[in-house]
There are 2 protein chains.
Amino acid sequence: MFGITPSARLRPSPFYEATVADGVTAFTTYNHMLMPTSFGNPEAEYWRLMHGVSQWDVAVERQVELIGPDAGRLAQLLTARDLSRCVAGQGKYVPLCNHEGVLINDPILLKLADDHYWLSIADSNIWFWARAIAAERGLRVVVNEPDVSPLAVQGPKAEDVVASICGDWVRRLKYFWFRETLIEGIPVVVARSGWSKQGGFELYLRDGSAGTRLWNIVKEAGKSWDIGPGNPNFCERVETGLLSYGGDTDDRTNPYEVRLGKYIDLSVDDDVVGVKALRQIHAAGPSRHQLGVVLDGDAPTALGFLWHEIHVGGRKVGSMTNCVWSWRLKKNIGFALIETACQAGDRVTVIKDGTPVGAELTTLPFL
Amino acid sequence: MFGITPSARLRPSPFYEATVADGVTAFTTYNHMLMPTSFGNPEAEYWRLMHGVSQWDVAVERQVELIGPDAGRLAQLLTARDLSRCVAGQGKYVPLCNHEGVLINDPILLKLADDHYWLSIADSNIWFWARAIAAERGLRVVVNEPDVSPLAVQGPKAEDVVASICGDWVRRLKYFWFRETLIEGIPVVVARSGWSKQGGFELYLRDGSAGTRLWNIVKEAGKSWDIGPGNPNFCERVETGLLSYGGDTDDRTNPYEVRLGKYIDLSVDDDVVGVKALRQIHAAGPSRHQLGVVLDGDAPTALGFLWHEIHVGGRKVGSMTNCVWSWRLKKNIGFALIETACQAGDRVTVIKDGTPVGAELTTLPFL
C-alpha cells in the first residue's frame, strides 16, 4: 500500500481527528475528501458490522443543497424518478442521468421543505451539474454545499445505540425518512439510512466544528453494545449487492444496466434531463447488465485498482468491476458488467492481474 | 502518512507500472486517478528539476475532448478568454468559470483542428459541465474523454532530452504550441508545456497500452542528462507562483482574486458562460487577492490538508492556502487568499495547526 500525500485539494472531514485518535490506518478519496477505509483489522470490522454496531465517518457523502422557490422543480429536473409524492421528512434514492441517459450519480434525496432539498451524493461533482442546469434554465434556486457531514451508525445493534442517544422515536422512523433534532445541543438530521444492508442510521452533522464531540457521544453511548470504528465495508456491500457509482459504472453506464430501472419513471415530464434518452434505451433494451461473479479457488484475493476483463471463448464479453474475499461465502466474489447474452450459471474466464481464472456468473445479491 | 486503499474509483495511469518499478512511494488523487507525489527523496527531486531533467506521470491531466461542427463554439462558450485568433497547433491557458464568475477549472486548451479541441484539465469534473452546456444549448458537439495521458519532461535539460527523441524541431516550438507525431511508432502530441517554471515539454500519449514503453523511452534517452523520476513539485510551484485549482481556490474564488485577470477578455459575447458576472466583479473590484506569505522561523514545516487562517489584530482576514519549506529561500512559504486591504509588506499571524506564527506578506512569485 502506498502513502497518500496531504494536500488542500483533499479536505479532511469534521471527524478526521477523531478517526485518527481511534486508529485509522488507510483512506480512500471521495468527493475531494478523505474517507477512512481501515482501522487495521478488516475481518473484525466486518463481523462487528454483521453482528454488532459500527460507527463510520462518511462525511464524504456531501450534500448538494437546493434552496429557493424553484428547488423542487430543479430536483425533479435532475432525476427521472417521480418526486411528486415526496413529502418533507422523506428521503428517496434518485439516480441522476445526463442528457444521454448515462448515470452521473445516485444520491439519496432528502426533502427538508418545499423549497429546500439535499442530494446526499456519491463520488462525482453534482454542484457543477446542478448549477449548470439551474442557470441555463433560469431557475430561482441557489445550489450550495452546506456544512453537513454524515456519521453512520450501522449494524443490527445500531437502533439501540441511536435510540439511547435520541430517544425511542428513532425506532419508528421508516427507511430513508429523517427528522431534524439536537444531540446535546449539536444540530443534526437523523435518518434511517446507510451504505450497508445491516440496518442503521446516518446522523447528518450540521456544525462541522462539533465533529469530534459528536463522534465521541456515539462512541460513549455505544459502549454497552461494544461499538467500534469502521467504514463502508467493501466485503459486505459486495455480498449484499450495493452499487458503487464510479467503481461499478463507467462513462456510458445507464440505470437499466445496473439494476436501477425500478427507480426510473419514464412518464415524468419531457423536460427532465435524460428522460427522452432513457425511454429509447428502455425500448431498445440495455446491451449490458450486472450479475455476480464467483471466482474458482479459495485463496483470498488482494484488492486492486482495475476492472478485470471477462472472457467467453476467448472473446471479451464484459468486466468484473470489483473483487473481494467474502468471509461468509469463503470465495472471491464481485460484480460483472457484461453483455446481456451472458446469464447466471454461465461459466466465464476472468483475467485477474494477467492470469486467467475460471468463474461462474450468479444473480445479485449474493446474500 | 496514511495508506491509500485500492479502488476502481481511482484509476491507475498508463504509467502506473513504470512508476512503481521506478520506486514511487506516495500518491495524491486527481481527477479520480493516482498521481505520484514522491519517489522517496523530495529534496533530490527538487534539485534535479532545478538543475537537470525529470520525468513525471501527469496522466491525471485528463483531456476533455470537444469534437464536431460546434466544437469551437463550445470552447468559446466555456471560457471568457478570447479564442478568435487561436489556430490549430496552438495551446492557451483558459480559466473556466460558472455563471456566477466562479473559477471551476484552469485548463490548457489545445486546438487540434477547427472541429477538434482538448481541454487539459485541473482537478474538477469538466466533462459533466461541458456536456451540460452543450446539451442545454443544442450544440452539435460530442464531449468525450479520449485515451490521452500526458508524460511531462521538465527542467533546464528537458529540451535536450526531448530533442534527442523527436528531433531538433522541438527546440523551435513556442510556449504552449504543439505538434502531433510518433515516437517509435507511438502516437503522441508534443507540447512545450508543463506545471513548472523550469521549462520543458509534455508528451501527450495517445495509446494507453504503450505507457510503460513511452516512459522507458524517455528514461533511456535521458540517461546522458541524468534524468530521474519526479512529479509536479510542490516546493517549486509555490516558489514560482503557480496556481493549484482546488488547492488555492474555494467555491467562490473568481479569476481576478487569483492573478488570472489577464486571461479574461470582458468583450467576448454575452453568451459566454459567466462573462456577465465577471464584468460586474471586475467593475466592483474583487474583495480578495492572492499574495505570498513568509513564515517566521527556519524549521521546515510538514505538509497539511488544511488552509491556515490568517489574522490581523485578532481578526481573520484570509487564509494561507498552501505552506511548504523552500529549499532556495530556507523559509516556510505559501500563498495567501486575503482581503485586498492587506498588502505586501504587512505583518500577519498565521494559525498553523492551532499555534499562532508570525509572518510577512509578499508579492508573488517568490522566485
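User: What makes B:V350 the bridge partner of B:I310 in strand 22 of chain B, and how do strand 18 and strand 22 of chain B pair?
Analyst: In this predicted model, B:I310 has B:V350 as its bridge partner in strand 22 of chain B. Strands are DSSP runs of E with at least two residues, helices are runs of H or I with at least four, and both are numbered from the N terminus. Two strands pair if DSSP finds at least two bridges between them. Strand 18 and strand 22 (residues 347-352) of chain B are joined by three bridges in the antiparallel sense, and therefore they count as paired.

User: How do you know that strand 18 and strand 19 of chain B pair, and what lies between them?
Analyst: Five antiparallel bridges link strand 18 (residues 308-312) of chain B with strand 19 (residues 315-320) of chain B. B:H308 faces B:M320 of strand 19. The two strands form a hairpin with two residues between them, and B:G313 in the turn has a positive phi of about 60 degrees.

User: Which strands of chain A and chain B are joined by bridges?
Analyst: Strand 2 of chain A runs parallel to strand 1 (residues 3-4) of chain B, with two bridges between them. A:F27 has B:I4 as its bridge partner.

User: What is meant by contact between the chains, and how many residues take part?
Analyst: Residues are in contact if their C-beta atoms, placed from the backbone, lie within 7 Å. On that basis, 46 residues of chain A are in contact with 46 residues of chain B. Helix 4 of chain A gives the largest share of the chain A side, seven residues.

User: Why are the two copies said to be related as by a two-fold rotation axis?
Analyst: Copies are superposed by least squares on the C-alpha atoms of residues with pLDDT of at least 70 in both. A rotation of 180 degrees, with 0.0 Å of shift along its axis, brings chain A onto chain B at an RMSD of 0.0 Å. The copies are thus related as by a two-fold rotation axis. In chain A, A:G3 comes closest to that axis, at 2.2 Å (C-alpha).

User: How are residues and chains labelled, and which confidence limits apply?
Analyst: Residues are numbered from 1 along each chain as its sequence is written, while chains are lettered from A and ligands numbered from 1 in the order in which they are written. Because the model is predicted, local features need pLDDT of at least 70 and side-chain atom pairs count only at pLDDT 80 or more, whereas totals for chains, interfaces and linings use all residues.

Technical notes:
Contact = placed C-beta atoms within 7 Å.
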